[in-house]
Amino acid sequence: MARIAGVNIPTQKRVPIALQYITGIGPANAATICEALKIDTARRVNQLTDAEVLAIREYIDAHFTVEGDLRREVSMNIKRLMDLGCYRGLRHRKGLPVRGQRTHTNARTRKGPAKPIAGKKK
């Protein structure tokens, strides 16, 4: 099993698909990596040589923010918004949708399970 950026990537999958298991690398970035390193996209991870795996690892370290660093950066951005007290920060703090979605109905993912209104009887 190849280990890149602290992630064990699956060996039976094609290289562009396997690279997407790394947080911060999506389909476009995976294709860019394969193209830059001249790796055929039809090849599987278990067919790569140690030199190619090392080249992928070095390319990712040089050109992308991935895994722990990316998570830290995103959480710091959210914390900054909350500290500023801007609208987006307040929505994060309250656990409500941030990007303008309706909350009268829906939004259960952000708001959590529905809470029954206490004291209301029929």
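Predicted model: local features only at pLDDT ≥ 70, side-chain atom pairs only at ≥ 80, totals over all residues.

Which exposed residues does the face of helix 3 turned away from its buried side carry?

1. On helix 3, the face turned away from the buried side carries the exposed residues Asp 50, Ala 51, Asp 61 and Ala 62.

2. The buried residues of helix 3 are Val 53, Ile 56, Tyr 59 and Ile 60. They lie on the same side of helix 3, because the arc they cover around the axis is only 125 degrees. Strand 1, helix 1 and helix 2 are among what covers them.

3. The largest nonpolar core has 21 residues, and Leu 19, Ile 22, Ile 56 and Ile 60 have the most contacts inside it. Strands 1 and 2 and helices 1, 2 and 3 each give two or more residues to this core, with the largest share, 4 residues, coming from helix 3. Leaving aside residues up to four places away in sequence, Ile 60 touches Ile 4, Leu 19, Ile 22, Ile 25, Ile 33 and Val 66.

4. Now the whole chain, which has 6 helices and 2 strands in the order β-β-α-α-α-α-α-α. Its radius of gyration is 21 Å, whereas a compact globule of 122 residues would have one near 14 Å. The C-alpha trace spans about 70 × 35 × 20 Å along its principal axes. Buried residues make up 26% of the 122 residues.

How values were computed
Residues numbered from 1 in each chain as written. Heavy atoms only, no water. Core = buried A, V, L, I, M, F, W, Y, C linked by side-chain atoms within 4.5 Å. Buried < 20%, exposed > 50% of the residue type's maximum accessible area, 1.4 Å probe, protein only. Contact = heavy atoms within 4.5 Å. Arc of directions from axis to C-beta. Rg over C-alpha atoms; globule rule 2.2 N^0.38 Å.
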